[in-house]
Amino acid sequence: MSAVFTWPVRVYYEDTDAGGVVFYANYLKYMERARTEWLRHLGIGQERLRREQGVIFAVRAASLEYLRPAVLDDLLHVTARVTERRRASLVIGHEIRRHDEAGTSELLNRGEVKIACLDAGKFTPRPIPDLIVDAMTAGDSEQ
């Protein structure tokens, strides 16, 4: 449905568990960062969105599939792509891949996150502002 946005993430010691691999919940954090940076890339800061448009985004549901572990110092590329857009929600598909210096890529994790657009004060559903829809549409044509 939309262009793929990619955000690089380096695995730090703080991201790993006692086994030396990325703690499972951190994949959700990486996906959150990719969505935030995707919006920023479109010219939309989330604080500005709350302040000027009176809306926030909240995760409504998440589904992840863990395929291979990431470890300390890995360079990961986290993608975000709108796979479904409704009046007051988005479904974002994510992939997390490990990249090495030889240019190879290995899929480690994939997931889907449903995001609800909410009134910032009432926490009730609100239509996604035209500003965002227009930016997503323009971003799709650029990539």
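Is arginine 81 buried, exposed or partly exposed, and what is its relative accessibility? At 30% relative accessibility, arginine 81 counts as partly exposed, where buried means under 20% relative accessible area, exposed means over 50%, and partly exposed lies in between (1.4 Å probe, protein chains only). The model is predicted: local features need pLDDT of at least 70 and side-chain atom pairs count only at pLDDT 80 or more, whereas totals for chains, interfaces and linings use all residues. Residues are numbered from 1 along each chain as its sequence is written, and side-chain values use heavy atoms, with hydrogens and water left out.

The chain comprises three helices and five strands, where helices (H or I, at least four residues) and strands (E, at least two) are DSSP runs numbered from the N terminus. Read from the N terminus, the order of elements is β-α-α-β-β-β-β-α. Along the principal axes, the C-alpha atoms fill a box of roughly 40 × 35 × 25 Å.

Contact is defined as heavy atoms within 4.5 Å. Of the contacts between residues at least 6 apart in sequence, 68% join residues at least 24 apart. Buried residues account for 39% of the 143 residues. The accessible surface amounts to about 8200 Å², and 50% of it belongs to carbon and sulfur atoms; these areas come from the Shrake-Rupley method with a 1.4 Å probe, and for residues only the protein chains shown count as cover. With regard to charge, the chain carries 20 positive and 21 negative side chains, and the centres of the two sets lie 7 Å apart. Lys and Arg count as positive and Asp and Glu as negative, while His and the chain ends are not counted. The place of each charge is taken as NZ of Lys, CZ of Arg, CG of Asp or CD of Glu.

In soluble globular proteins, nonpolar side chains tend to be buried together. A nonpolar core is here a set of buried Ala, Val, Leu, Ile, Met, Phe, Trp, Tyr and Cys residues joined through side-chain atoms within 4.5 Å. The largest such core holds 32 residues, of which Tyr30, Trp38 and Leu76 touch the most other members. At least two core residues are supplied by each of S1 (5-10), H1 (26-41), S2 (55-66), S3 (75-85), S4 (89-99), S5 (105-119) and H3 (130-142). Helix H1 gives the most, with six residues. Tyrosine 30, with neighbours within four places in sequence left aside, is in contact with Val9, Val11, Asp15, Val22, Leu76, Val78 and Ile96.

Threonine 124, in the loop between S5 and H3, is 29 residues from glutamate 95 in sequence and 29 Å away in space, C-alpha to C-alpha. Threonine 124 is partly exposed, at a relative accessible area of 36%, and is in contact with Cys117, Leu118 and Asp119 when neighbours within four places are left aside.

Leucine 131, in helix H3, is 87 residues from isoleucine 44 along the chain, and their C-alpha atoms are separated by 8.5 Å. Beyond four places in sequence, leucine 131 is in contact with Ile44, Arg48, Leu49 and Gln53, and its relative accessible area of 31% makes it partly exposed. Leucine 67, in the loop between S2 and S3, is 23 residues from isoleucine 44, with a C-alpha separation of 32 Å. Leucine 67 is partly exposed at 34% relative accessibility and touches Leu107, Leu108, Asn109 and Arg110, residues up to four places away not being counted.

Positive phi values occur in residues other than glycine. Aspartate 73, in the loop between S2 and S3, has phi near 75 degrees and counts as exposed at 52% relative accessibility. Phenylalanine 123, in the loop between S5 and H3, has phi near 60 degrees and counts as exposed at 55% relative accessibility.
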